[in-house]
Amino acid sequence: DTMRRVVRQSKFRHVFGQAVKNDQCYDDIRVSRVTWDSSFCAVNPRFVAIIVDASGGGAFLVLPLHKTGRIDKSYPTVCGHTGPVLDIDWCPHNDQVIASGSEDCTVMVWQIPENGLTLSLTEPVVVLEGHSKRVGIVAWHPTARNVLLSAGCDNAIIIWNVGTGEALINLDDMHVDMIYNVSWNRNGSLICTASKDKKVRVIDPRKQEIVAEKEKTHEGARPMRAIFLADGNIFTTGFSRMSERQLALWNPKNMEEPIALHEMDTSNGVLLPFYDPDTNIIYLCGKGDSSIRYFEITDESPYVHYLNTFSSKEPQRGMGFMPKRGLDVNKCEIARFFKLHERKCEPIIMTVPRKSDLFQDDLYPDTAGPEAALEAEEWFEGKNADPLLISLKHGYIPGKNRDLKVVKKNILDNKPAGNKKGDLINAPKKAVDASNSQNDAKLDEILKELKSIKDTISSQDERISKLEQQMAKIAD
């Protein structure tokens, strides 16, 4: 015991948080009032997306990061859902693609123009239909391109190949109660879920089997969260029987007892965990709290080490967490949060104080880059791959994103499960031929119209140039 240092050494002991100045906030935003425990905000190195109040449907804002200040009421939104949007998630492999889940039971995937929206976006690239109740969770696969998971209040988890618009895995008999959250592990071979029945399950989605589970992970009745850490352990937040907030660390190979269990306070907001695999720091943001607590996870007792708390006056309605490649490495920034108030979004920057201006490679190990390590088909066939890493030494320069193309399989060959537009599929061949000839006729009509417009334009051109000559003569 005498050998143990009184103060544990850690380069993250002095991490401090700072809110940006007022003119760097996004103001006058009507943040969604839906009672749902998602983070309502998603960010990447190009955009910040925020779920907003929308009359008669569901909408979210997508703002280029530099578009700070007051946001005009008429600013375009992404508004194709017919019910409130409950969750949004940026694709890790394409900074212009975002998925949304809604009360209208659908998942939609959107392609945002490179410089942001100039008009409201109502047409998604693809609509994924398969849930029978509202969809509260969407989460992209960390390493395989175009693989998206969704979880609904029908207690089902569906894994989609977005590139073909198909549901390839449907886990609809593993949860008997509401799913609070779903988390992929580092290489996307497993998922863990926290559910209203107080169980945490570890699931192999391709084998469609439960690999490990823990009953009464936290005894309290309020919502839990469970996320995978980089080493394969699972971190959970929940409530004790006495309604105290708890956090715990578990080894999925032996879920009998937690590796660590800490009680925190008696506040009743659900603790949303945000995890940085590069530094092994977990940030806990309680919904309705006005603080962010952060902890370092290590492999020595007590395993979960409290670092500090960032406190402010205003409670948070939601929170976005910037991926590592969106941070300013020159300022030793190790995390950036986008805190939602009632009417604004306020970035909060977490920094390690250092005197040197040089690149601090101990703070920035190579991090997950934007390239997918696998194609969707490879993953569904059983392959696994870790994230492809990039160095942040010279900062991250966003490359050109490819457009998301959806290649629908021939719908006439087979009827996909859960497709509401089933009538189209069984349409007799004649009807299809008829509609084809109708289309041809329409096309001819349009081409004729175009030709006449062109003719008109060229005759007007001649007339204008003649008039210009006449004017010139008069002026002379």
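How many aromatic pairs does the structure hold? The points below start there.

1. **Ground rules.** This is a predicted model, in which local features need pLDDT of at least 70, side-chain atom pairs count only at pLDDT 80 or more, and totals for chains, interfaces and linings use all residues. Residues are numbered from 1 along each chain as its sequence is written, and side-chain values use heavy atoms, with hydrogens and water left out.

2. **Aromatic pairs.** The structure holds 13 aromatic pairs. Rings of Phe, Tyr and Trp (its six-membered ring) pair if their centres lie within 6.5 Å; planes under 30 degrees apart are stacked, over 60 edge-to-face, and the rest tilted. One of the pairs is Y26 with F338. This pair is tilted, at 6.4 Å centre to centre and 35° between the planes. Y26 belongs to strand β2 (residues 26-27) and F338 to strand β29 (residues 333-340), so the pair ties together parts 312 residues apart in sequence. Strands are DSSP runs (E, at least two residues), and helices are runs of H or I (at least four), numbered from the N terminus. Both Y26 and F338 are buried. Buried means under 20% relative accessible area, exposed over 50%, and partly exposed in between (1.4 Å probe, protein chains only).

3. F274 sits in strand β24 (residues 271-276) and F321 in strand β28 (residues 318-321), 47 residues apart. F274 is buried, at 12% relative accessible area. Ring pairs join F274, Y283, Y294, F321 and F337 into a cluster.

4. **Charges over rings.** The charged end of K287 sits over the ring of F40, 3.9 Å from its centre. R222 lies over the face of F239, 5.2 Å from the ring centre. The test is NZ of Lys or CZ of Arg within 6 Å of the ring centre and within 35 degrees of the ring normal.

5. **F60.** This residue is in strand β5 (residues 58-64). Is F60 buried or exposed? F60 is buried, at 0% relative accessibility. Its contacts (heavy atoms within 4.5 Å) include I50, V78 and W110. The C-alpha atoms of F60 and I50 are 5.4 Å apart, although 10 residues separate them along the chain.

6. **Domains.** The protein is divided into domain 1 (16-390) and domain 2 (444-475). Their C-alpha centres lie 57 Å apart. The bounds come from an automatic or database domain assignment.

Notes: Lists of a residue's contacts leave out its neighbours within four places in sequence.
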